Amino acid sequence: MVREFTTDKLKVQVLEDRNLLGTRAAEAVYQQIKALLATEPYLNIIFAAAPSQHEFLSALIEKDIDWSRINAFHMDEYIGLTEDAPQGFGNFLKARIFEHANFHSVNYIRGNSADVAAECERYEKLLLQFPPHLVCMGIGENTHIAFNDPHVADFNDIRLVKVVDLDQECRQQQVNDGCFAKIDLVPEYALTLTIPALFSGKYIFCMVPGEKKAKAVHHTLSQEITAQYPSTILRKHENAVMFTDKQSSVFV
């Protein structure tokens, strides 16, 4: 590890590169899972789907975890993709972790539901029934968390899941990440867990590697805590840690 510090309540670790970031984050999540399973019969974990999570998920799936005692959720999904589209976040997580472990349950957001309002309500009920112990997330280039872009982010949202339109920077990031060939192919709408839903996790682990996230990391740690920079809310959480690498923390 290169260095470690705290901004407000948010603990920050800077690792040498994204591989070490993924390894360190997976170990931290593993240790927290093990500690919680000593007293809890089941755990509820929310996962993010993005290329920034590759190294973390690869390292986590190798850990000796009793997945049969874990209910899995994810935090957002495009509206309108075909059910088997590889860009779908449920499909991303299925390929990288959900189908590789014997989870007690895997709860997918149905982005191609004929009634998205009903789908929001369905997933909200699941989150109320199974409140999250851990949230494993990232930060977008525009500082979004899940698909709470600045223009739709609400720290006091009354909903746990909602439909949002995606801003231009968010959609361009999907092209930058290699998920879509051009911005015209990126869906304009999505379902997302709201900021209160994410913030309700007892423990938050945030993995943010790479030079494309450097400005987002800088804003997260230096800007006023405001919905204009949604990820700044992490500085108020009692048990949140952000893992960065030398590239993503270059401005810190």
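A salt bridge here is a side-chain nitrogen of Lys or Arg within 4 Å of a carboxyl oxygen of Asp or Glu. The views below come from a predicted model, in which local features need pLDDT of at least 70, side-chain atom pairs count only at pLDDT 80 or more, and totals for chains, interfaces and linings use all residues. Residues are numbered from 1 along each chain as its sequence is written, and side-chain values use heavy atoms, with hydrogens and water left out.

**View 1. Lysine 162 and aspartate 157 form a salt bridge.** The closest N and O atoms of lysine 162 and aspartate 157 are 2.6 Å apart. Both residues are buried (under 20% relative accessible area; exposed is over 50%, partly exposed in between, with a 1.4 Å probe and protein chains only). A search of the whole structure finds 8 salt bridges, and two others follow in the next views.

**View 2. Arginine 235 meets aspartate 8.** Here the closest N and O atoms are 2.7 Å apart. (Helices, H or I of at least four residues, and strands, E of at least two, are DSSP runs numbered from the N terminus.) Arginine 235 is buried at 9% relative accessibility, whereas aspartate 8 is exposed at 51%.

**View 3. Arginine 122 and glutamate 119 pair within helix 4 (residues 116-129).** Their salt bridge has its closest N and O atoms 2.7 Å apart. The two residues are 3 apart in the helix, which means about one helical turn separates them. Arginine 122 is partly exposed at 25% relative accessibility, while glutamate 119 is buried at 3%.

View 4. Zoom in on strand 3 (residues 43-47) and strand 4 (residues 70-74), and you will find parallel pairing over 5 bridges. Isoleucine 46 has phenylalanine 73 of strand 4 as its bridge partner.

Key
Pairing = 2+ DSSP bridges.
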